[in-house]
Amino acid sequence: MTTTHDLVHVSTQSTMPRHPLEPLTPEEIAKAVAIVRAERNLSEQFRFPAVVLKEPPKSVMLNYQSGDSVEREAFLILLDNATGATYEAIASLTRNTVTSWQHIPGVQPNIMPDELSECEAAVKANPAFQAAIAKRNLSLDSVVVDPWAIGHFGLPGEDGIRLSRCLCYVRTTPNSNFYSRPIDGLVPVVDLNQMQVLRIEDMGVVPVPPEPGEYAAEFIPMRTDIKPLEITQPQGPSFEVDGHHVRWQKWQFRIGFTPREGLVLHTVGYEDQGKLRPILYRASLAEMVVPYGDPRPQHFRKNAFDVGEHGVGVLTNSLRYGCDCLGEIRYFDAAMTDSRGEVAIIENAICMHEEDFGVLWKHTDWRLESVEVRRSRRLVVSFFCTVDNYEYGFFWYFYQDGTIQYEVKLTGILLCGVLADTPKYGTLVAPEVNALNHQHFFSLRLDFDIDGGNNSVYEVNTEAEPMGVDNPYGNAFSATSTLFKTELEAQRIIDPLAGRYWKVVNPSVQNRLGQPVAYKIIPGDNILPFAHPDSPILKRAGFMTKHLWVTPYAEDERFSAGDYPNQHPGDEGLPKWTQANRPIENTDVVVWYTFGHHHIPRPEDYPVMPTAYSGFVLKPVGFFDANPALDVPPSVPKQGICH
Ligand code: NI
């Protein structure tokens, strides 16, 4: 199992990828597009929603030895604007040919960034839209048009057309914030294949809120009492990077990146007693959705699938040293294409660095007057994306005690409407500005390989025992583990009052105490959706209804709401696959953890939100024989000694 983690030493100048899981290089992306273009004789009307590495089969990778020849393949999604047809292609970069070409009927690929700017231009050039702006006594130059996915509500005239529904705003000055000033009830609907405005939904003139809601530095008088805080590592960082392989203390993993999922972790393992022990084969953000709670005509469609409808990878920010990231930073670029298939590189897309994280462990033996204390250090791998008004930071943290943490940092600007009356479905955050109630649901696909491929999943609940002969003083409580044998048994929700957690176990490998080795999933911030079970959004994002899902590994089951959620009626992804109720005991399992962040806006979230944090933790439970961080050396004291 450990062979997939081997370091492969090849010159960094080589343009040939050194490991089969290395992301496609810019040259490979250009080659894949050229191969498909030439062989399929594509017209200029084709767009390229995705050009990514087709990862080799897991069965191949688990037996991979450094130097093995593995075919390099690219997976492409293509959209023909002329016909509206979607295709999937596989191009072999080893054999320079298209090995698979398939029409995918009845789907809409993700909306691409180029489409957003083309759509805005088309709306602003439309005479009916210009008339609607003039009717509101607004200047067209000050208007901003924000295209949104239209969703699926079973309404007539929307199937089979690639649609966007746009929200409109006004800037007070050319550099002003605009999300604070919505033009409520004015909604252009655009055919993105033809790039033509189909209709302008005008629900009547509503005054635009008066305040500009500025947050940029040029508008804000700054506090002046902050002194510099420098983080220095004079000997450099403690990690080693080879291509996209990372080694940090006892951790090893590979970094991947896709336009849809953003950062992907491959082959995460921890060195223990001389061997590299696998934990996760692949970990990724498999979907996310933001359902809003306002039922009125201009608002009910607001349900953004930021992974499947847009792609958090393609919307990734280029990070700036000293601003986004502090310390000894290693950046990774992300290579992809624009919608027309031209190579596009996001520089400094992924940030990796070390952070001090307070006390790792400590004990004072007061009789000996001895203190043992160790400082905790964590490795951070992260990226930030901007999806219209919102910012999401996606952070993986690795700790010295074997803990892995996933945290989403939510910031950016609230989605607001104009306050017409009492803000039942939102919060008054500024004069006439109604910030809408909403939730953010994140679905993580965690392909565990705890010490090997065959794992089982248990639920652990703590229960109080009744008072009685065996519990005369009523203090007894115990934890009970229940094995999930099939997929339907493993569809579960959190229960904080039972101390509930889920445990991924390798039943064939024991620690020194004879316990099967395991990692547990510890829920953090979480909630269920408030949308009705029969609502269109729950049909489309059924994964939200359970916090835990477990499936047997299947190569083509990657996205929780299905491959093409854009404009899709639903019943795809996890709810569909798990109807088969496949066995999941002692097999190669994939664990899907959903967490929801509930957002009833506050005035303090305006005009830009202080970061909110949401996520979960993976912690070893019997994976090690004892505390694996005993060997972290004491810090060098500033004065005297630390131990
Ligand atoms: Ni929010």
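Donors here are N, O and S atoms within 2.8 Å of the metal (3.2 Å for Na, K and Ca), and water is not among the atoms, so sites may look incomplete.

This is a predicted model, where local features need pLDDT of at least 70, side-chain atom pairs count only at pLDDT 80 or more, and totals for chains, interfaces and linings use all residues. Residues are numbered from 1 along each chain as its sequence is written, and side-chain values use heavy atoms, without hydrogens and water.

The nickel ion, then. Its donors are Tyr 390 (OH), His 438 (NE2), His 440 (NE2) and His 599 (ND1), at 1.7 to 2.0 Å. The angles among the four donor atoms run from 91 to 147°, so the site is irregular. Along the chain the donor spacing is Y-x47-H-x1-H-x158-H. Tyr 390 belongs to strand E18 (residues 390–399) and His 438 to strand E23 (residues 438–448), so this pair ties together parts 48 residues apart in sequence. Strands are DSSP runs of at least two residues, helices (H or I) of at least four, numbered from the N terminus.

Are these two residues buried or exposed? Buried means under 20% relative accessible area, exposed over 50%, partly exposed in between (1.4 Å probe, protein chains only). Tyr 390 counts as buried at 3% relative accessibility, and His 438 counts as buried at 2%.

Last, helix H3. In H3, Glu 115, Leu 116, Cys 119, Ala 122 and Val 123 are buried.

Note on methods. Tetrahedral: all angles 85-135°; square planar, octahedral: opposite > 155°, others 65-115°.
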